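Me: I would like to learn how to read the features of a model such as this one, beginning with the surroundings of its ligand. Could we go through it step by step?

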Amino acid sequence: MIDTIAAPEPAALPVCRLRHARREDAAELAAFAARTFEDTYGSDMPGRIGPEHIALHLATAFGPRQQAAELADSGVVTVLAECDGRLAAYAQVRRAVVPPCVGGRAPIELHRLYVDRSWHGCGIGQRLMDEVAAIAAGRFGGATLWLKVWARNARAIAFYAKCGFVDVGVADYFVGADRQTDRVLVRPLDPQAAARSAPG
Ligand SMILES: CC(C)(COP(=O)(O)OP(=O)(O)OC[C@H]1O[C@@H](n2cnc3c(N)ncnc32)[C@H](O)[C@@H]1OP(=O)(O)O)[C@@H](O)C(=O)NCCC(=O)NCCS
């Protein structure tokens, strides 16, 4: 289990390193992904999802076995942000089945983007978004980036709007057995973005 990272002083923005996750990161990634998922959907959201549904989702989506399978999948790229040597955020970009409301050319999905809550607002999400765009345009040859975000996740929706995404429709999202509504967002990918990928 990863401890929560101490909040930085406003004047001391984090020194973060982005890198692609490797298979040996599976256990740490699984613990981090489960904790940030629960932080996001299990506590401070209005109309929060019931703990039994969160528990079922955590058990099926996160664990060393699940994340090892994702890290071994050539259709998925996972980027880690390490700040002061600790895991502070991650993003996953992948080829996936595309919802009908996504009309853009060569669509690639931003599957997950989670920043430890103690680092929110420090610019890490923006850095990961730039890296995701570079991977989607470069490695995956994408021209459109799309994602699903819980309709009640106002903070993330505001962040994505700032990143240039527009709302194109809705999709179901099951947390455990609880059917929720996601917004589907898209943005075009800059072909030049492919050249900007930082980590190996
Ligand atoms: C949404 C999230 C990824 C944003 O990451 P972050 O590191 O906090 O965002 P950044 O600090 O990089 O912010 C980037 C820009 O978005 C803006 N932004 C961030 N949060 C915002 C908010 N609540 N409202 C409006 N704008 C916001 C910032 O102002 C910043 O713009 P600026 O550089 O012009 O000031 C992060 O808050 C998070 O992990 N949330 C919990 C998990 C989650 O909801 N993930 C999305 C699942 S689909």
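Reply: Let us begin with a term: helices and strands are DSSP runs, numbered from the N terminus, and a residue is near a molecule if its C-beta atom, placed from the backbone, lies within 6 Å of it. Please keep in mind that this is a predicted model.

Me: Which element gives the most to the shell around the ligand?

Reply: That element is α5, which contributes 5 residues to the shell around the ligand. The shell holds 18 residues, among which V115, G125, Q126, A156 and A158 come nearest to the ligand. The elements giving two or more residues to this shell are β4, α4 (124-137) and α5 (154-162).

Me: What does the shell around the ligand look like by class?

Reply: Sorted by class, the shell around the ligand has 9 nonpolar residues, 7 polar ones and 2 charged ones.

Me: How many residues of β4 are buried?

Reply: In β4, 7 of the 9 residues are buried, so this strand is largely enclosed by the rest of the structure.

Me: How should I read the pairing of β4 with other strands?

Reply: As a general idea, in a regular strand the side chains alternate between the two faces of the sheet. Here β4 pairs with β3 in the antiparallel sense over 6 bridges, and R112 in β4 is the bridge partner of Q92. With strand β5 (residues 144-150), β4 pairs in the parallel sense over 3 bridges, where P107 stands opposite T144 in β5. From β4 the chain crosses through α4 to β5, and this β-α-β crossover is right-handed.

Me: In what sense do β5 and β7 pair?

Reply: Strand β5 and strand β7 (residues 178-188) pair in the antiparallel sense, over 7 bridges, and K148 stands opposite V184 in β7. In turn, β7 runs antiparallel to β6, to which 9 bridges join it, with D178 in β7 as the bridge partner of V175. The hairpin of β6 and β7 has 2 residues between the strands, and G176 takes a positive phi near 60° there.

Conventions
Residues are numbered from 1 along each chain as its sequence is written. This is a predicted model: local features need pLDDT of at least 70, side-chain atom pairs count only at pLDDT 80 or more; totals for chains, interfaces and linings use all residues. Helices (H or I, at least four residues) and strands (E, at least two) are DSSP runs, numbered from the N terminus. Ala, Val, Leu, Ile, Met, Phe, Trp, Tyr, Cys and Pro count as nonpolar, Asp, Glu, Lys and Arg as charged, and the others, Gly among them, as polar. A residue is buried if 20 or more other C-beta atoms lie within 10 Å of its own, exposed if 12 or fewer, and partly exposed in between; C-beta atoms are placed from the backbone. Two strands pair if DSSP finds at least two bridges between them. A crossover is right-handed if, with the strands pointing away from the viewer, the path from the first strand over the helix to the second runs clockwise.
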